[in-house]
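Work through the exercises below with the structure open. Each task is followed by a stepwise solution.

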Amino acid sequence: MNHWITPSILILALTLLSGSTLASEEVNLYSARKEALIKPLLDTFTKQTGIKVNLVTGKAKTLLKRLQSEGRNTPADILLTTDAGNLNAAKTAGLLQAIDNTVLTAAVPQNLRDSDNQWLALSIRSRVIVYSKERVKASELSTYEELVNPKWKKRICIRSSSNIYNQSLLASLIAHNGVSKAEGWAKGIVANMAQSPKGNDRAQVKAVAVGICDIAIINTYYMGVMQEKDADQQKAASQVSVFFPNQEGRGAHINISGAGLIKGAKHKENAIKLLEFLVGDEAQKWYAQANHEYPVKASIPVSKIVNAWGYPFKQDNLNVDELGKHNTEAVKIFDRVGWK
Amino acid sequence: MQSSIASNTTTTAKLKFSIRRPSGWTLAAACVALIIATPILTILGFLFYPSTDTWQHLADTVLTDYISNSLLLMLGVAVGAGSIGICTAWLTSMYNFPGRQLFVWSLLLPLAMPAYIIAFTYTGMFEVAGPVQEWIREAFNLRYGEYWFPEIRSLGGAITMLSLVLYPYVYLLARAAFLDQSTCALEASRTLGCGPWRSLFFVALPLARPAIVTGLSLALMETLADYGTVQYFGVSTFTTGIFRTWFGLDDSVAAAQLSGLLMTFVFVLILLERWSRQQARFHHATNSYRTLPNIKLPPLMGWLATIACLLPLFFGFLLPIGQLTQWAVMTFSEMVDSSFYALALNSFLLAGTAAVLTLIPALILSYGSRNHATPLSRFLVRLSGMGYAIPGTVIAIGILIPFGALDNSIDAWMLEHFDTGTGLIFSGTIFILLFAYMARFFTVSLNTIESGLGKIRLSMDEAAKTMGYSGIAVLRHIHLPIMKGSILTALIIVFVDVLKELPATLVLRPFNFNTLAVRAFELASDERLADSSTAAIAIVLVSIIPVILLSRTIAHSRPGQPQ
């Protein structure tokens, strides 16, 4: 019997430790954004409003699965992700509800919101080209499409196609140029890769710095964080420059981090308050300064580092929910062309 | 003892009683096995869905890659972890050389190191832009491409990382087996003119084979389930394929079917392990368990043995811990606050509870299948043990779905009949998290208990019963002393495994509930290696005490050893 008593006590202790969710003023958040990149903002929100934010972080797809299996009884009020595709998937699965709030619609431009206002963007990042200052001239670069030119053979570094940012980039090419052209592009990039894809975006910057390749495709904020991080990363970052592609045409590919309101949210009012806070000036400044993202609110300045790359730049105006729609096709193309 | 001899009649009654019992035990065992197998059955259930055209796409493109890489990875880890584990176990059991006392327990330390942490750490040190290659370039004035350096982010790298942290399973079980062998067999082989190495290959290894195969199969199951390392190194295996199919191609049915295919791999592995155990026709004929005389090696050979044991310890533990410590010194003050202690406490309590909870069904099942195994119950037990080779995320989904359905049906039923809903009872609580650990690590507990129980021959029970021992008394006076070591081993391995566990925790945990592993992984996967080091070291520190306990257990587990 001893076997049972100890664990029961432990479970009780654990449940208590795990934080009571009985507080009256609270809001429950499922976040695909990692704790370190969201908690500071949530703490500020709690301090200002007295509303406690309960947080679970995880991968977007598994959070979606959790929402689905918990069904109408889910405790979650808000789903936060770092790409539009998964918000769109949540909408398609019928997990979200329309947010009817003028503060929010006024703050976030139309192309950064769901057409039915079931979700909205909280911050913007662009997927850009970085190049070696030593071996590449900016004048040699122009568009994403141009990167398949044989002159880049064995000179490009880019991460695995399992990553959602590459999937979204290819999805945008599908949306603009059609499937077969997009497949030709992916094939061309694979042919020009300097090494088989490995590591995340920061590793690609380091690879350019060391000389494995001359250009890489990465998300902007990684570059920003590297430039202000420890000496090693700063050193690598100092050897590359940022180039915004397609400035003469449709603009550089962008993606968002965003949030949707869960259908049947039990703390709807508090959830809206939290969303209002996240698109408010203070939070938008934090996104810009602490993580070097682009604010959704045009009136908020970008960080000094980001500004130095050139701001404003021309952004692809494609409605971001298109990215989610073409995601599956993008992955199939990657498989077919052998992009690891 | 003599005073408790009972009359013949009661003994006969007891024997009859114990013959009538099986159905109860078997039933209980089958129920327990079925419950633990819930997530696996849920995933297998997807096999009955009509397959989508995704399969054709996979077969045309990446499936061969998934299969061949997974097989190569398993083969590599089998060779790597197997040879390190067996060599170090043999050396520390048979010989005396400088540092042996220290190696006996410290060789287990890499067990405390999560594979993804060692992968991150080695990448930080040895990648092209890392300090080591930087130094080579500066010292010899070379550029990238002008010198050769092994690529850490590769299949070979993944094999090395996994071998370094998984060899302790083989070491643990092989050493226990070597220590268990009666000296007679070994002495006989020596009198017949076998040198130490011939004794190893012709006597000790065949005798220890079942234990070694068990250790290897644990290591290989963990290899199959690994996601963090292969994903980080860009090696496409079954696990990365499952996630890509599910997250990228958005086809959960095909992903589940891939998991089903993975399970057939595992099943083959399990069958091999069973077969190997049944082939063990070598038994100790005598019970002569004098303390094994350790052969003192001559100085040169002794130091070679020291180096052989030092290498895996160094690369599997000391080097990564050194790097982590260096990082932690830089970031310690920033990363440790009051919430950090809560993390450590959460992890510790969670791991402790899970270890105990996993032990109970393992005891029930191994006792249940000991005397009265039916083919069905044996199959169920194997099925419930498959969780160890299934990626944690897949297990977690296999738990989310049935418990979500259960919760919502209870709620709907209550609403209909009593007008008050119950909401979610299990979902989003510690309960299903603990259940996930149980489903995932059950096999570790079960294998350890079963191998312990294997040492107690049925004739020993019968002898005790003839002497009038009651069932309880047999358990207390015969089983407990012999099983103590196995029980502790099972507890400790599951404890350490849960402490390192990441994916299922990430998916199933309640609000505001973090563990050390979650903290370390979130930071490390963002390539904030230095920031993640404090949590990583904490995982290792929390594991070290149980790991040392474990090695003491083995040292004392030898029959005839003073307790």
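Two residues are in contact if their C-beta atoms, placed from the backbone, lie within 7 Å. The model is predicted, with local features needing pLDDT of at least 70 and side-chain atom pairs counting only at pLDDT 80 or more, while totals for chains, interfaces and linings use all residues. Residues are numbered from 1 along each chain as its sequence is written, with chains lettered from A and ligands numbered from 1 in the order in which they are written.

**Exercise 1.** Describe how domain 1 of chain A touches domain 2 of chain A.

Step 1. Domain bounds come from an automatic or database domain assignment. For chain A they are 22-124 + 256-308 for domain 1 and 125-253 + 316-337 for domain 2.

Step 2. The domain centres, taken over C-alpha atoms, are 27 Å apart. In the contact, 19 residues of domain 1 of chain A meet 17 residues of domain 2 of chain A.

Step 3. On the domain 1 side, α4 (84-92), β5 and α13 of chain A each supply at least two residues; helices (H or I, at least four residues) and strands (E, at least two) are DSSP runs, numbered from the N terminus. The largest share, 4 residues, comes from α4(A).

Step 4. That side divides into 9 nonpolar, 7 polar and 3 charged residues. Here Ala, Val, Leu, Ile, Met, Phe, Trp, Tyr, Cys and Pro count as nonpolar, Asp, Glu, Lys and Arg as charged, and the others, Gly among them, as polar.

**Exercise 2.** Classify the packing of α9 and α10 of chain A.

Step 1. Helix α9 (residues 220-228) and helix α10 (residues 231-238) of chain A pack at about 125 degrees, with axes 6 Å apart. Axes are lines fitted to C-alpha atoms, for helices over the stretch in contact, and angles run from 0 to 180 degrees between N-to-C directions.

Step 2. The pair is therefore oblique, given that angles under 35 degrees count as roughly parallel, over 145 as roughly antiparallel, 65 to 115 as roughly perpendicular and the rest as oblique.

Step 3. A:M223, A:M226 and A:Q227 of α9(A) meet A:Q233, A:Q234, A:A236 and A:A237 of α10(A). These contact residues comprise 4 nonpolar, 3 polar and no charged.
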